[in-house]
Every structure is written in C-alpha cells, then in structure tokens.
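Student: I am new to this structure. Can we go through it in short questions and answers?

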Amino acid sequence: MNQSTGYVKGSTFLHRLNPAVKLFALVFALVAAIIWSKWYFSLALLIGVVIAYKIGRIPIGLKTGRIRFLLTFSAFILIVQLIAVQNGMVIFYLFPPVGTIGPYFPVTTFGLERALLFSLRFILIVFSSKLFVAVTDPTLLAHALTDLGLSYRYSFALVIALRFLPFFDIETESVRMAQQSRGFSPKIGSPSELLRTIRMTFYPLLVSALSKANSLTMSMDGRGFGYSKKRTYVRKSKWRTTDWLVLVFSIGLLFVSVFLWIGLIPSIFS
C-alpha cells in the first residue's frame, strides 16, 4: 500500500477501469442514494460496495481504529435519529415502563426508517470514497481528467488533495506517538481537557501541513509546473469497452433513482 496516497497497487478489474469512470460512478451512486432516500436502496448500494472491495482485493479494515470509530459514529447517528424523530406508529420504547416510571423514548416506524437511512448513507459515503482512493492511481486520475478537457492545474489540485488526506492520518499518528513519548496523555473528560487536547494535537498538525505545502510548492516551482499550458504524461489512462459499460450502468442507476423518486417506476416496497 502506498502510504503517501492511500492507493493500493493491483491489477484487478477495478484497478484497470479508467479513473474518470470510477469518479463518475462514485458521484452518480452517491447522488442516486441522496435522490431516492430509502434505507433499503442505500443498503443495496452498500452491499455492492462491499462486493467491490472483494473484487478489488482491498481489505475493509473493520479491526482498524478509524473504521471502528466510523461505525461507532454511525451507530450514534442511528440512536439520535431514533430518539429525535417521533412521527409514525410506535414500535417499542428504548426505556420500557418500570412500575410507575416510563415509558420513555418511543421508537416509531418513521423514526426507524430515517435512522437506518442516515446511518447507512453515512457508511456508504465513507466506504465508497475509501474504495475509490484505494483502487485509483492518482497520476492516471490526473491524466483522465485532463483528457476530458479539465485544466491540468485543477486536476493536480484534486490529486494533491487526495495525497494530503492519508498524510494527515499519518501525521496524527506521529503526533500521538511523540506526545506519548513525552508523557502526555490526551484526555477529553472536561471541556478544558478537550480544548487542551485539541490544541496540543491541532497545532503540530497545522505546522506540519504548512511545512509540507511549502515544500511541495517549492518542488513544483523548481520543476516548472505551470510554465506551459499543456502537460505531457509518462503514463496515460485509456478508455476500454468495459469503461463504457460501467459508465452506462452508473448513468442508468442515476436515472432509475430519479424515476423512482418522481414515481414513474413503482417501488415494490411501497
């Protein structure tokens, strides 16, 4: 795994797809999930993403701290929605009646649907974006976007942004290890401890990010980036028949979600 970009080298079907097609497929799938706001549609897309992880031979990393945190946050979203949305028929109570106390926090049919929808949609966005980064070569992505007519300045801005996301993760881990070696233990028990932990973590990250950006700028200036309006590439992305098929399928998925939303296609679950 390339620790500087998050890209995992491979030769699977997903790796060979044109990067622009993968980007369009990601955007169309997420827009479709937003347009047709049904929890079972988001669940079906999420199952498709999990299958794509298997096809691309990319580990989901359920045991990593970051994924556990994201799943925990998704569960938090689900619980908040269950408590906050009380429209619809009551199914059960989170706090059942005990003697003369309760019941409290009713879980309704509409509340359960909204809770599953927002929770699954959050996991879908995170996992699908992580998969896109893992199977997409940044250099080929830059060429694919430039090949579509986008200025190479903007395509490289996107690539650099993708490169910086794993960088912050690595730097955060470095800062934590440095703090532990100096006997500092982050605590969030009180607001003052939380602010101190944020300050002790955020400032080193900000300084490191600015230093990295300055080094990157000097390196790009030294290599004459932006001198010419056109840029050549050593490695270029290609369009194949499978790329067109995946693109047509993605556009079809988007149109189906629109037709389901406006009612031109009757839903079997309604």
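Tutor: We start with a definition: buried means under 20% relative accessible area, exposed over 50%, and partly exposed in between (1.4 Å probe, protein chains only). This is a predicted model, where local features need pLDDT of at least 70, side-chain atom pairs count only at pLDDT 80 or more, and totals for chains, interfaces and linings use all residues. Residues are numbered from 1 along each chain as its sequence is written, and side-chain values use heavy atoms, with hydrogens and water left out.

Student: Is F92 buried, exposed or partly exposed?
Tutor: F92 sits in strand β1. Helices (H or I, at least four residues) and strands (E, at least two) are DSSP runs, numbered from the N terminus. The relative accessibility of F92 is 40%, so F92 counts as partly exposed.

Student: Which element gives the most to the nonpolar patch?
Tutor: Patches are made of residues with over 30% relative accessible area and no salt bridge; like charges are joined within 9 Å, nonpolar side chains (Val, Leu, Ile, Met, Phe, Trp, Tyr) within 5 Å. Here the members include F92, F95 and Y104, with about 960 Å² of accessible area together (Shrake-Rupley method, 1.4 Å probe; for residues, only the protein chains shown count as cover). α4 (65–84), β1 (90–95) and β2 (104–108) each supply at least two residues. The top contributor, with 4 residues, is β1.

Student: Which residue forms a salt bridge with R235?
Tutor: A salt bridge is a side-chain nitrogen of Lys or Arg within 4 Å of a carboxyl oxygen of Asp or Glu. By this rule the count is 1. The closest N and O atoms are 2.8 Å apart, and the partner of R235 is D137.

Student: How many residues apart are R235 and D137?
Tutor: The salt bridge joins R235 and D137. R235 is in the loop between α8 (191–222) and α9 (241–262), while D137 is in the loop between α5 (109–135) and α6 (138–147). The pair links distant parts of the chain, 98 residues apart.

Student: Is D137 buried or exposed?
Tutor: R235 is partly exposed, at 40% relative accessible area. D137 has a relative accessible area of 12%, so D137 is buried.

Student: Which element gives the most to the lining of the largest pocket?
Tutor: On a 1 Å grid over the protein atoms alone, a cavity is a set of points where a 1.4 Å probe fits but cannot get out; a pocket is an open set with protein on both sides within 12 Å along at least five of seven lines, and lining residues have an atom within 4 Å of a point. With 9 residues, the top contributor is α7.

Student: How many charged residues line the second largest cavity?
Tutor: Ala, Val, Leu, Ile, Met, Phe, Trp, Tyr, Cys and Pro count as nonpolar, Asp, Glu, Lys and Arg as charged, and the others, Gly among them, as polar. The lining is L70, L71, F122, I123, V126 and F127. By class it has 6 nonpolar residues, no polar, and of charged residues, no members.
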